[in-house]
Structures are given as C-alpha cells and as structure tokens.
Amino acid sequence: MSSVVAARRDAKKLVRSPSGLRMVPEHRAFGSPFGLEEPPWVPDKECPRCMQCDTKFDFLTRKHHCRRCGKCFCDRCCSQKVPLRRMCFVDPVRQCAECALVSHREAEFYDKQLKVLLSGATFLVTLGNAGKPETMVCRLSGNQRCLILDGDGHHEIEVASISTVQVVTEGFAPGAGGARVAGMCLQYSVPGAEGTAQLRLTAAEDVNASRRQAAAWLAAMHKAAKLLLESRDQ
C-alpha cells in the first residue's frame with residue numbers, strides 16, 4: 001500500500017454533534033468495523049417523563065438524553081459521564097445506567113485487548129484447503145480494519161468480511177473447566193468470489209511465552225468478534 005493511500009485511510013477530522021466532539025475518520029468507508037453510529041435522540045415532545053423511573057419533567061426536573069441509546073432520562077437516571085470510544089467521542093459523555101455499564105465493560109477491550117491484537121502473535125496458519133500450515137504472525141492493522149498475516153507470504157483479511165468465529169479448545173469439552181484455548185477458525189467472504197473462505201489459527205506448542213501470547217490474542221479476537229456482531233446488528 002502506498003504511503004499516500006495509507007495516509008488517506010488513517011486521516012481523521014474533528015466534528016461536533018449534539019452529543020459532543022468526535023474524532024472520526026476523514027472518509028467514512030475507512031472507519032473501524034467495531035464502531036457504532038450515534039443513535040437518533042427521542043424527540044423532547046415524545047418524552048414527558050423519564051423513560052427509566054417515570055418522573056415527570058418540569059422546570060426543576062430537566063431531561064437528558066443518553067448518548068449511547070438516545071433515550072430520555074432525568075438527571076438521577078442519566079448522571080454518569082463515561083468514555084464511549086465506539087462512537088469516537090473525545091471526552092466522556094452522559095449515559096444512562098444501563099448503557100454506562102456496557103461502556104465500562106467495553107473499556108477493557110480498548111484499554112487491554114485491542115493492544116494485544118495490534119501487537120500480534122505467532123500461529124500455525126492454514127488458509128482454505130492448504131495442506132500444510134505455515135508459521136505466521138497475525139495482527140490487527142492500526143486502523144482496525146484488517147487482519148494482517150506475515151510469514152513467507154503476506155495476506156490481509158478485511159475484519160468486516162468475517163462472518164463466523166469459532167474458538168478451538170483442547171483438554172476438555174468447550175465451556176468446561178480446565179479447557180485450554182488451542183486455536184480459532186474464521187470464515188470470511190472474499191470480494192468477487194462465491195461462498196466463504198476459511199482461516200485456521202493454531203497456537204504453536206514449542207515456546208511457553210509464545211503460547212501464552214497466542215492464547216491472549218485469541219481471547220482478544222473472540223471479544224472483538226462479539227463487538228463486530230453488535231456493530232452489524234445496530
């Protein structure tokens with residue numbers, strides 16, 4: 001990729017919305033696949049009462065809109081200001097209690113797991129029906145849009161094209177105590193091709209430190225897949 005194209009993809013701009021300042025991609029097509037769009041606010045005339053506690057709004061009881069769900073609440077039910085990185089807000093924004101809880105949980109992904117994905121890990125990689133796996137480093141691109149595989153060859157898979165993610169465990173049945181994450185299977189669409197392609201990642205057995213890094217990467221990717229699904233269902 002040329003430096004000009006890369007710069008175009010990574011360019012951002014500061015915009016102001018009714019909810020606050022947001023740092024968004026210059027071109028919408030290059031936004032993070034984990035992002036969420038701002039919700040439309042429930043019109044003031046349609047919410048004479050708090051949508052949580054049913055308190056009637058008046059001169060003393062003001063109404064506030066949650067920046068994540070767009071619903072209308074009183075100050076008591078919508079007093080928390082929490083970072084909302086999936087909508088690219090620069091500063092923490094007002095959210096209702098339910099949405100604030102979700103945003104707090106997502107903060108772990110942005111503070112910890114996203115860094116793990118960006119750092120990458122080493123896997124035995126099988127692309128499609130290839131017989132022999134290849135040792136490759138898999139990492140998330142800086143703009144969060146691609147999985148990059150580097151070894152003897154180089155491959156890029158659009159995160160938005162991933163349709164299913166399945167964690168592979170060993171030791172015990174999946175979900176049982178003591179099961180160890182051993183790998184992951186991803187299915188994704190290929191532009192111009194029918195059906196889906198498959199990528200299989202298997203943690204190498206040789207080095208303990210490398211295996212731990214791979215397990216952390218797989219756990220982070222599993223969380224990322226959940227956020228990706230939520231973004232599509234918005």
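Which residues line the second largest pocket? I started there. The lining is made of M51, Q52, R68, C69, K71, F73, C77, C96, A97, E98, C99 and V102.

Ground rules went down next. I am reading a predicted model, in which local features need pLDDT of at least 70, side-chain atom pairs count only at pLDDT 80 or more, and totals for chains, interfaces and linings use all residues. Residues are numbered from 1 along each chain as its sequence is written, and side-chain values use heavy atoms, with hydrogens and water left out.

**Entry: the pocket**

I noted what the word covers. On a 1 Å grid over the protein atoms alone, a pocket is an open set of points with protein on both sides within 12 Å along at least five of seven lines, a cavity is a set where a 1.4 Å probe fits but cannot get out, and lining residues have an atom within 4 Å of a point. Points are joined across faces, edges and corners, and a volume is the space filled by probe spheres set on them.

The second largest pocket holds about 220 Å³ of space. I sorted its lining by type: eight residues are nonpolar, one is polar and three are charged. Here Ala, Val, Leu, Ile, Met, Phe, Trp, Tyr, Cys and Pro count as nonpolar, Asp, Glu, Lys and Arg as charged, and the others, Gly among them, as polar. Helix α2 (residues 97–119) gives the largest share of this lining, four residues. Helices (H or I, at least four residues) and strands (E, at least two) are DSSP runs, numbered from the N terminus.

**Entry: helix α2**

I followed that helix along. Does its length fit the rule, or what span should I expect from α2? The 23 residues should span 33 Å at 1.5 Å a residue, and the end C-alpha atoms are 33 Å apart, so the two agree. The expected span is 1.5 Å times one less than the number of residues.

I also found a bend of about 40 degrees at Q113 in α2. The bend is the angle between axes fitted to the seven residues ending at a residue and the seven starting there.

Then I listed what is buried (under 20% relative accessible area; exposed is over 50%, partly exposed in between, with a 1.4 Å probe and protein chains only). In α2 the buried residues are C99, A100, S103, E106, F109, Y110, Q113, L114 and L117. An α-helix has 3.6 residues a turn, so residues three or four places apart point the same way. After α2 comes G120, with a positive phi near 85 degrees.

**Entry: the cavity**

How many cavities of 30 Å³ or more does the structure hold? I found one. The largest cavity has a volume of about 50 Å³. Its lining is P83, R85, R86, S103, E106, A107 and Y110. By type, three of these are nonpolar, one is polar and three are charged.

**Entry: the loop between β8 and β9**

I moved on to N143, in the loop between β8 (134–140) and β9 (146–150). N143 counts as buried because its relative accessibility is 18%. Its side chain makes a polar contact of 2.7 Å with the side chain of S141. The side chain of N143 also reaches the backbone nitrogen of R145 at 3.1 Å. A polar contact is a pair of N or O atoms within 3.5 Å; within protein, one must be able to donate a hydrogen and the other to accept it, and residues adjacent in sequence count only if both atoms are side-chain atoms.

R145 lies in this loop too. At 17% relative accessibility, R145 is buried. What does the side chain of R145 reach at 2.3 Å? I found the backbone oxygen of G31.

Q144 is in the loop between β8 and β9 as well. Its phi is positive, near 70 degrees, though Q144 is not a glycine. Q144 is buried, at 14% relative accessible area.

**Entry: D54**

D54 sits in the loop between β2 (20–25) and β3 (63–65). Phi of D54 is also positive, near 70 degrees, in a residue other than glycine. Is D54 buried or partly exposed? With 47% relative accessible area, D54 is partly exposed.

**Entry: strand residues**

L186 is in strand β12 (residues 180–189) and is buried at 2%.

T126 belongs to strand β7 (residues 121–127). T126 and L199 are 73 residues apart in sequence, with C-alpha atoms 5.9 Å apart.
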